[in-house]
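Please look at the sequence and the three-dimensional structure together before reading on. The report below follows the helices, some residues inside them or between them, and a few points along the backbone.

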Amino acid sequence: MTESPVAPPPSPAAAAHGARWRDTLRRVRARVEHCPQVHRSGRVVRATGLVIEVIGLRIALGNACRIELPPGADGKARTAAAEVVGFAGERLFLMPLADTVGLMPGSRVFPLEDGSAAHDARRFPVGEALLGRVVDGNGEALDDGPAFDGIARAPLAAPPLNPLARAPIEEPIDVGIRAINALLSVGRGQRMGLFAGSGVGKSVLLGMMARYTRADVIVVGLIGERGREVQDFIDNILGEEGRRRAVVVAAPADTSPLQRLQGAAYATRIAEHFRDEGRDVLLIMDSLTRYAMAQREIALAIGEPPATKGYPPSVFAKLPALVERAGNGRRGAGSITAFYTVLTEGDDQQDPIADSARAILDGHIVLARSLAEAGHYPAIDIEASISRVMTEIVPPAHLARARRFKQLFSRYRRNQDLIGVGAYTPGHDPQLDEAVTRFPALEAFLQQGIDDCAALEGSHQALAALFGESAG
């Protein structure tokens, strides 16, 4: 067997030559590593109202950008975050998330690309560390608590649940309000609307629900409301006990419309995270109308034509996309019971946003200004309100009592003017006679103090006692 020839060792000249090449490659590599990275950028060509137009970038709809601004008074460089909300040909339409004072023609715009440190800004804090905290629509802390370093983060968008995989609504949830527990029973995982004009007590009613509802976690989204109301809701309405198990996302009226949209989506994303962990979540959003108005501002600014009373079609596509994210999760998982306030402008229940919300929610609670002005609190119009799942979650005997209550109450209200002028004569209508006799008790049943908690079982018993029956 012949042995393979062994290569002779390199000559000293060849070894020296190879060493020189290796040294040269190391120097070149060191120089390349210290070269600044090349970043794609575009430039601002137009800024009109809320929209900034940019050329020179090719970015997908919904992606984030960073706009360079002139240095501030302290000499530090400034940037403003923005999101791509539309495009036309080679032009991108950006909506800023913050103030852009100082923006000039030709300002550079950089995309926030995957893998960069800036991309983390589009992943928002979620999880246990948020309990007891107040954050803005960008996921930044508004309170004096520690920064959200090293905690779980998630994108705003979550894959939609298969409707056939959702667990059905099978059990009632205790919200601590007697009129709702007894006559408008809410199921765990239900989505309810709270329809009211301005100044009729919807915020206080929401605060009562936040304090008294039996849920593991409370997520509150204050979207487009007055900045003063944020502090008032936290201190005086939510209270210390409610805040310990709550996360508050605040995007008040003075923030950009994009941040208001983002705040609503972020509050929903936080609730989804806790639901996926198997917890029962109460989601309170005040208000769905301000969310729709923010989308209207954006849509009109980028040229979408108005349709129904000034609302572009995209508004009515955004509403169900947001609301459908709440509800029960998969069987065996957690739930999101959601209450959305809907501001009825001029107490018009046929307002386009109110009408659209009624169609996509699982029920609605209407607050009447006439009741609020009469000192009736909570000012729930029991005749105009309904829970679409009540028939599935309460016993037939309780459902019959609730229907009888509504029949008697409605009968009295329809004849109230005749009774007031003395035109009513007992003995002609037995049902009206019973309604007149019982009306003071019915009206008292619907009223409740702000600091009173009416538990679910106690509310059912009180309704039965009203008719001299047993709740068993």
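In which sense, right-handed or left-handed, does helix 7 pass helix 8? Helix 7 passes helix 8 in a right-handed crossing. On the side of helix 7 the contact is made by Val 315, Phe 316, Leu 319, Pro 320 and Val 323, and on the side of helix 8 by Pro 352, Ile 353, Ser 356 and Ile 360.

**Confidence**

This is a predicted model, and its chain has an average pLDDT of 86, with 92% of the residues scoring at least 70. Over residues 114-121, however, the pLDDT is below 50, and this stretch has five contacts in the model beyond near neighbours in sequence. Where pLDDT is low, the predicted coordinates should not be read in detail.

**Helix 6 and its partners**

Helix 6 covers residues 288-301, which makes 14 residues, and the distance from its first C-alpha to its last is 20 Å, close to the 20 Å expected at 1.5 Å a residue. Its buried residues are Leu 288, Thr 289, Tyr 291, Ala 292, Met 293, Ala 294, Gln 295, Ile 298 and Ala 299. Just after helix 6, Gly 303 has a positive phi of about 100°.

Two packed helices are described by the angle between their axes and the distance between the axes.

| Pair | Angle between axes | Distance between axes |
|---|---|---|
| Helix 5 and helix 6 | about 140° | 8 Å |
| Helix 6 and helix 7 | about 140° | 9 Å |
| Helix 7 and helix 8 | roughly 40° | within 10 Å |

Helix 5, residues 257-276, packs against helix 6 at an angle of about 140°, and because of this angle helix 5 counts as oblique to helix 6. The crossing of these two helices, helix 5 and helix 6, is left-handed. Here Pro 257, Leu 258, Arg 260, Leu 261 and Ala 264 of helix 5 meet Tyr 291, Ala 294, Gln 295, Glu 297 and Ile 298 of helix 6.

Helix 6 also packs against helix 7 at about 140°, so helix 6 is oblique to helix 7 as well. Helix 6 passes helix 7 in a right-handed crossing. The residues of helix 6 that make this contact are Leu 288, Tyr 291, Ala 292, Gln 295, Arg 296 and Ala 299, and those of helix 7 are Ser 314, Val 315, Lys 318, Leu 319, Leu 322 and Val 323.

**A covered helix**

Helix 3, residues 202-212, is mostly covered, as 10 of its 11 residues are buried. Among the buried residues are Lys 202, Ser 203, Leu 205, Leu 206 and Arg 211. What covers the buried residues of helix 3 includes helix 2, strand 10, strand 11, helix 4, strand 13 and strand 15.

Arg 275 lies in helix 5. Is Arg 275 buried or exposed? Arg 275 counts as buried because its relative accessible area is 4%, and a residue is called buried when this value is under 20%. Leaving aside neighbours within four places in sequence, Arg 275 is in contact with several residues, including Leu 161, Arg 166, Val 281, Arg 325 and Asn 328.

Val 217 has its place in strand 11 and is buried, with a relative accessible area of 0%. With neighbours within four places in sequence left aside, Val 217 is in contact with Leu 131, Arg 245, Phe 274, Arg 279, Asp 280, Val 281 and Leu 282.

Ile 173 is placed in the loop between strand 9 and helix 2, and Ile 173 is buried too, with a relative accessible area of 2%. Not counting residues up to four places away in sequence, Ile 173 touches Asn 181, Val 186, Gly 187, Arg 188, Thr 213, Arg 214 and Thr 337. The C-alpha atoms of Ile 173 and Gly 150, which are 23 residues apart along the chain, are separated by 35 Å.

**Cis peptide bonds**

Most residues other than glycine have a negative phi, and most peptide bonds are trans. The peptide bond from Asp 286 to Ser 287 is cis, with omega near 10°, and Ser 287 is found in the loop between strand 13 and helix 6. The peptide bond from Tyr 377 to Pro 378 is also cis, with omega near -10°, and Pro 378 is found in the loop between helix 9 and strand 17.

Conventions. Residues numbered from 1 in each chain as written. Predicted model: local features only at pLDDT ≥ 70, side-chain atom pairs only at ≥ 80, totals over all residues. Heavy atoms only, no water. Helix = DSSP H or I, 4+ residues; strand = E, 2+ residues; numbered from the N terminus. Expected span 1.5 Å × (residues − 1). Buried < 20%, exposed > 50% of the residue type's maximum accessible area, 1.4 Å probe, protein only. pLDDT = per-residue confidence, 0-100. Contact = heavy atoms within 4.5 Å. Axes fitted to C-alpha atoms, helices over the stretch in contact; angles between N-to-C directions. Parallel < 35°, antiparallel > 145°, perpendicular 65-115°, else oblique. Left-handed = near helix turned anticlockwise from the far one by under 90°.
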